[in-house]
Amino acid sequence: MIIKSPYIHRFLLILLTALTSISLSSHAEVLKVNQSESDPNSTYAIQMIKLALEHIDTKYELESVVQDMTQVRMVENTLNNTLDIIWAGTSRDLEEQLEMVRVPIYKGLLGHRFLIIRKGDQAKFDRVKNIDDLRQIPLGQGTAWADTKILEANGLKVVKTMKYQNLFYMLDGARFDAFPRAVFEPFAEVDKRPELNLTVEKRLMLVYKYDFFLFVNKEKKKLARDLELGLKRAIEDGSFDKVFNSSPSVQEAIAKGDLGNRIVIPLNNPLITDQVPVDQTELWIDPKAL
């Protein structure tokens with residue numbers, strides 16, 4: 001005798017739904033990313049990755065690896081699949097090694113630079129009117145950073161070191177006179193180091209076409225296209241701008257940076273390739289419009 005009951009049918013439906021959910025979860029590809037306190041952009045970059053994944057049908061799960069890494073090490077770990085997604089300022093060399101997700105995650109703000117300087121040195125920078133004046137001032141940068149090649153290609157003096165943290169102490173110790181940082185970076189970086197005699201320069205902004213992009217292993221082209229599709233869908237529905245505008249570092253740049261009144265020193269970026277979507281104006285922002 002078969003007993004028919006609406007409760008049994010309801011139980012079976014719940015059981016089927018749960019099993020389906022478990023099955024889908026078990027088939028979600030796990031993506032490893034590096035989240036480190038020494039990388040001031042990791043929280044924002046991971047927010048953007050999560051946003052992209054929310055806007056696509058393919059199921060992925062993120063797993064954070066917490067480890068201090070240089071950019072060289074992060075690239076190596078992506079090449080050997082220890083990491084699945086990294087973010088970096090793009091360059092020809094990097095695009096040859098890894099697959100780029102062709103959406104600038106900071107809308108081009110990475111190529112808009114303020115200078116961290118020593119307190120008491122503002123008068124020296126008040127005399128800077130153009131790039132020729134800036135060429136007389138030694139700048140600090142990371143050895144493997146694409147920015148370093150951009151600055152050098154524009155005839156600027158650059159003092160280099162492998163480790164990001166060292167640059168603040170080298171500036172404080174007068175090994176060079178200014179440390180160019182993206183407009184959303186320097187205020188927090190200075191605040192985190194109150195023991196150092198540093199401040200953010202008030203008048204100048206270096207500008208070149210440049211930004212952070214996501215990168216994956218060349219063998220993971222589907223992942224790259226999925227991330228690209230997700231980010232573009234987020235741009236279309238406004239959620240990309242919501243994350244961008246709510247970023248504490250972006251808000252701080254707007255509140256403290258006086259973006260609209262700074263002297264702009266334009267620089268050429270000889271590293272830019274046809275992979276960088278410079279013609280897609282909806283992906284880039286004019287900081288003076290913020």
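This is a predicted model: local features need pLDDT of at least 70, side-chain atom pairs count only at pLDDT 80 or more; totals for chains, interfaces and linings use all residues.
## Overall picture

Of the contacts in the chain with a separation of 6 or more, 78% join residues 24 or more positions apart. The chain contains twelve helices and twelve strands, and its C-alpha atoms fill a box of roughly 95 × 40 × 35 Å along the principal axes.

## Helix 2 and its surroundings

Let's look at helix 2, which runs over residues 42-54 and has 13 residues. From its first C-alpha to its last, helix 2 reaches 18 Å, close to the 18 Å expected at 1.5 Å a residue. Its buried residues are Ser42, Tyr44, Ala45, Ile46, Met48, Ile49, Leu51, Ala52 and Leu53.

What covers these buried residues? The cover of helix 2 includes strand 1 (29-34), strand 2 (60-65), strand 3 (86-89) and strand 11 (212-217). Helix 10 (221-237) and helix 11 (239-246) are also among the covering elements.

## Where helix 2 meets helix 10

The packing of helix 2 with helix 10 is worth a visit of its own. The two helices pack at an angle of about 90°, and their axes are 7 Å apart. Because angles of 65 to 115 degrees count as roughly perpendicular, helix 2 is roughly perpendicular to helix 10.

Helix 2 brings Met48, Ile49, Leu51, Ala52 and Leu53 to this contact, while helix 10 supplies Leu227, Gly230, Leu231 and Ala234. Sorted by class, the residues in the contact are eight nonpolar, one polar and no charged.

Ser42 lies in helix 2. Is Ser42 buried or exposed? Its relative accessible area is 2%, and since buried means under 20%, Ser42 counts as buried.

Leaving aside neighbours within four places in sequence, Ser42 is in contact with Asn34, Gln35, Ser36 and Trp87. One of these, Asn34, falls within the residue range of strand 1 (29-34), and Trp87 within that of strand 3 (86-89). Ser42 can also be placed relative to Ile85: the two are 43 residues apart along the chain, and their C-alpha atoms are separated by 11 Å.

## Two loop residues with positive phi

Most residues other than glycine have a negative phi. Asn81 is not a glycine, yet has a positive phi of about 70°. Asn81 sits in the loop between helix 3 (71-79) and strand 3, and is partly exposed, with a relative accessible area of 35%.

Lys107, likewise not a glycine, has a positive phi of about 55°. The loop that holds Lys107 lies between strand 4 (98-101) and strand 5 (112-118). Lys107 counts as buried, at 10% relative accessibility.

Our last stop is Glu252, placed in helix 12 (residues 248-257). Glu252 is buried, with a relative accessible area of 18%; the cut-off for buried is under 20%.

Which residues is Glu252 in contact with, leaving aside its neighbours within four places in sequence? They are Phe187, Ala188, Asp191 and Gly257.

Note on methods. Residues are numbered from 1 along each chain as its sequence is written. Side-chain values use heavy atoms; hydrogens and water are left out. Helices (H or I, at least four residues) and strands (E, at least two) are DSSP runs, numbered from the N terminus. The expected span of a helix is 1.5 Å times one less than its number of residues. Buried means under 20% relative accessible area, exposed over 50%, partly exposed in between (1.4 Å probe, protein chains only). Contact means heavy atoms within 4.5 Å. Axes are lines fitted to C-alpha atoms, for helices over the stretch in contact, and angles run from 0 to 180 degrees between N-to-C directions. Angles under 35 degrees count as roughly parallel, over 145 as roughly antiparallel, 65 to 115 as roughly perpendicular and the rest as oblique. Ala, Val, Leu, Ile, Met, Phe, Trp, Tyr, Cys and Pro count as nonpolar, Asp, Glu, Lys and Arg as charged, and the others, Gly among them, as polar.
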